[in-house]
Amino acid sequence: MTEVLRHDIVIVGGGAAGLRAAIAAVEADPDVSVALVSKVYPMRSHTVSAEGGAAAVDRDDDSFELHGYDTVKGSDFLGDQDVIQYFVQEAPKELTRLEHWGCPWSRNEDGSIATRAFGGMTTKRTWFAADKVGFHMLHTLFQHSMRFDRIVRYDEQFVTKLIVDGGAVRGVSALDIREGVSRAILGRAVILATGGAGICFPFTTNGNIKTGDGMALAYRAGVPLKDMEFVQYHPTGLPGTGILVTEATRGEGGRLFNRKGERFLENAAYGVGSKLELGPRDMISRAVDQEIRAGNGFEGPHGQYLHLDLTHLGRKLLETRLPFVLELCRTYVGVDPVTQPIPIRPVVHYMMGGIDTDIDGATEMPGLYAAGECGNHSLNGANRLGSNSLTECLVFGARAAIHALCFAKGVEAGSESVARQQTEEEAARIASLRGQRKGGESLARTRSQMQEVMEEGLGVYRNQDGMRVAVEKLAQIKERAADIRLEDTSTVFNTELTAYLELVNMLDVAEVAALSGLARRESRGAHACSDFPERNDREYLHHSLVRFDDRRPRVEKKAVTLGRWEPEARKY
Amino acid sequence: MGSNGKKTIVVTRFDPDRDEVPRTQSYEVPVQSDWQVLDALNFIKDEIDPSLSYRWSCRMAVCGSCGMMVNGEAKLSCKDPLSKYGDTVEVTPLANFPVIRDLVVETEGFLERVQRVKPWIIRAKEKAVEEGPVRQSPRELADFSQFSMCINCMLCYSACPVVGNEPHFLGPAAIALGHRYNLDSRDEGADERYQIFREEGGVYACTYANECSEVCPKNVDPAAAVNQAKVGAVLDWAKGLILPRGGEG
């Protein structure tokens with residue numbers, strides 16, 4: 001008989017947002033029982049790969065107003081200003097909490113927190129632990145979470161469905177990757193914190209686990225995804241692998257050059273003004289893309305690239321502040337940044353879009369919350385500023401937990417028989433997939449086709465024709481995905497099966513991104529349309545929603561919450 | 001990058017659903033000159049045999065998922081260039097761990113050891129957020145910084161001669177992590193951890209083989225941590241003889 005486990009709060013995802021939520025819940029309520037469910041062990045979560053830092057006001061020359069304004073402007077006025085206001089006020093408290101929990105933040109000589117410059121930020125407000133900030137934050141959170149026995153971990157459990165009863169979420173069905181069985185995990189509230197979906201694209205900084213699982217779970221349960229057309233291209237990825245070279249390289253003084261030796265960001269047409277390399281990511285990625293298109297790139301075995309030069313910064317600074325960059329460049333491109341420029345090109349890095357939530361992390365569905373990259377609180381709007389997202393995981397992970405806890409106190413636990421029945425249906429569906437599909441399509445090739453379509457249609461620059469083609473091709477790929485051959489019959493650690501489930505999730509997320517993009521006939525933030533090059537506040541100062549309704553995606557609009565800052569031309 | 005010819009990748013396979021004992025399977029893989037071992041496994045999975053199971057994610061040597069033995073040495077497969085090997089490369093699961101399937105090994109025992117050393121800040125009185133960050137000088141940070149770099153890849157456990165023989169041994173990574181907190185100027189929990197270090201399977205089980213530090217892909221130097229922890233545990237014990245437990249030394 002299918003096992004049914006009971007907890008008060010079920011958190012899906014063990015990265016920064018999920019761990020922060022779990023800790024917030026058990027600290028706020030001495031009796032609460034939290035299930036932390038993840039398809040990997042928490043310390044493998046992709047938070048681990050974040051490098052450059054986490055933003056929060058700390059210095060005397062900084063203020064919440066400045067951090068707020070920078071974030072609003074960075075978002076190209078699509079961020080909700082009440083959310084941004086709350087975020088900037090909570091940010092220093094959250095990073096201080098992490099300090100108290102042992103995070104090894106880099107320090108000034110007097111022992112105070114050191115901060116560095118980051119793109120689109122007016123002053124130095126990015127806290128850092130050398131250039132392994134995500135790694136240190138994740139391990140600090142994971143280790144701190146081990147204090148609490150009321151956080152019950154379900155590691156290597158793949159959530160395949162939200163259990164919904166009477167219109168409210170009641171828990172999840174999770175496939176035990178190791179044992180091959182599905183179990184129901186009942187919770188009075190569920191928080192999704194599964195991260196982004198970079199693997200929808202062929203060239204990304206994201207780890208292989210970033211497959212949009214939480215987004216797809218919510219979407220298929222009828223909860224809309226918001227602002228999914230806004231895909232952040234990071235300007236500096238290593239050619240070939242797409243491994244991230246942190247923006248902190250530029251925060252510490254790194255410069256970008258084209259093949260002619262020009263510091264091309266000085267060109268006024270690129271819009272970064274005197275900020276140069278410390279402009280926002282959307283603008284710098286466009287500049288790099290244009291330079292390459294203009295033939296100003298270097299030719300390499302993995303296509304064209306430009307140079308990120310750190311050689312003038314000196315060995316001592318690089319070894320102290322950017323040791324991971326040194327290791328990554330030496331290992332993966334055979335370049336020593338102490339003496340040689342680093343080859344870089346734009347690379348898919350972050351999904352601004354995600355599950356539509358309010359400021360509390362609550363979705364439309366009673367009991368369902370989201371936090372971190374998989375959620376969309378409308379903090380980042382059309383373009384996220386570097387170093388806001390690690391802080392976002394903490395601020396909104398904690399807030400989602402507190403609100404989920406309040407919700408959980410007011411509702412009865414879900415029905416065991418409903419949970420069992422829905423989970424048995426899931427188990428049957430999974431059994432019918434495992435090594436049982438004789439189709440003619442290859443899993444790996446279908447995934448590559450999706451990735452190529454996304455790169456073609458939703459690149460640094462897009463246009464209507466390209467996005468229309470992407471929508472059509474994705475529909476065809478979705479059809480073909482039903483005919484994918486699955487050969488591995490094993491119930492134990494069947495990673496062909498999980499890769500298939502991930503692909504199905506990504507296809508939904510990819511389709512939503514393409515449809516959102518097609519509907520936005522303007523250029524805003526990371527959504528740069530060559531056929532609609534201007535921002536159009538009269539018609540498009542709104543969020544995009546895509547809802548799965550009557551088994552079809554439906555595009556809708558949602559109002560932006562403005563505030564003290566009226567939309568203005570975004571000039572740096 | 002150019003092609004680098006073909007290599008034969010010999011992989012240990014084990015599926016408890018069908019195998020009594022592990023077997024080996026060979027795959028001929030056309031390799032590129034800039035490939036890591038992981039790239040060859042991904043080629044096998046995508047193009048030859050989708051049933052091959054292994055863990056991986058970040059492919060940039062920080063998530064710690066993809067540890068395995070390559071030609072008998074513990075490696076992160078994402079940070080192990082294929083070009084340095086000959087025509088045949090043997091890939092087996094991390095030594096000293098029970099195998100779940102193929103190259104996937106049991107992680108639970110490792111995490112239980114990590115948890116046993118209380119890897120969190122212990123203070124008599126916890127600081128309130130309103131008090132702001134605790135001051136810590138760059139020198140104080142440097143005291144423990146190296147030991148905070150462990151990515152939990154478990155390579156050191158598979159290289160350690162004691163781990164294989166002593167089921168209770170805390171092992172290099174867990175000791176290094178406990179020691180990292182002992183050295184942190186913000187922490188007041190050293191005597192609790194030293195007590196754990198002195199228990200059976202604690203720091204004195206280590207035989208100074210130094211293998212852990214040699215295989216560590218992040219230069220954590222767990223052997224140095226273990227040696228320092230041994231000294232610290234003795235001094236802490238001696239302190240306990242002079243002062244009643246809980247007294248300030």
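**View 1. The largest nonpolar core of the predicted model.** The largest nonpolar core in this predicted structure holds 254 residues. Those with the most contacts inside this core are A:Ile9, A:Ile11, A:Ala21, A:Val37, A:Val190 and A:Ile191. Helix α14 of chain A, spanning residues 495–519, gives the most to the core, with 13 residues. In soluble globular proteins, nonpolar side chains tend to be buried together.

**View 2. Surroundings of A:Val37.** A:Val37 is among the residues with the most contacts inside the core. With neighbours within four places in sequence left aside, A:Val37 is in contact with A:Val10, A:Ile11, A:Val12, A:Tyr154, A:Gln157, A:Val159, A:Val172, A:Ala174 and A:Ile185.

**View 3. Contact of chain B with chain A.** Chain B contributes 44 residues and chain A contributes 46 residues to the contact. On the side of chain B that touches chain A, at least two residues each come from α1 (37–48), β6 (99–101) and α3 (138–145) of chain B. Of the elements, α3(B) gives the most to this side, with three residues. By class, the side of chain B that touches chain A comprises 19 nonpolar, 13 polar and 12 charged residues.

**View 4. The two domains of chain B.** Domain 1 of chain B covers 3–105, and domain 2 covers 108–242. Their centres, taken over C-alpha atoms, are 31 Å apart. In the contact between them, 13 residues of domain 1 meet 12 residues of domain 2. On the domain 1 side, β3 (67–70) and β4 (73–76) of chain B are the elements that give two or more residues, and β4(B) has the largest share, three residues. This side of domain 1 has eight nonpolar, three polar and two charged residues.

Note on methods
Residues are numbered from 1 along each chain as its sequence is written. Chains are lettered from A and ligands numbered from 1 in the order in which they are written. This is a predicted model: local features need pLDDT of at least 70, side-chain atom pairs count only at pLDDT 80 or more; totals for chains, interfaces and linings use all residues. Two residues are in contact if their C-beta atoms, placed from the backbone, lie within 7 Å. Helices (H or I, at least four residues) and strands (E, at least two) are DSSP runs, numbered from the N terminus. Ala, Val, Leu, Ile, Met, Phe, Trp, Tyr, Cys and Pro count as nonpolar, Asp, Glu, Lys and Arg as charged, and the others, Gly among them, as polar. A nonpolar core is a set of buried Ala, Val, Leu, Ile, Met, Phe, Trp, Tyr and Cys residues joined through C-beta atoms within 7 Å. A residue is buried if 20 or more other C-beta atoms lie within 10 Å of its own, exposed if 12 or fewer, and partly exposed in between; C-beta atoms are placed from the backbone. Domain bounds come from an automatic or database domain assignment.
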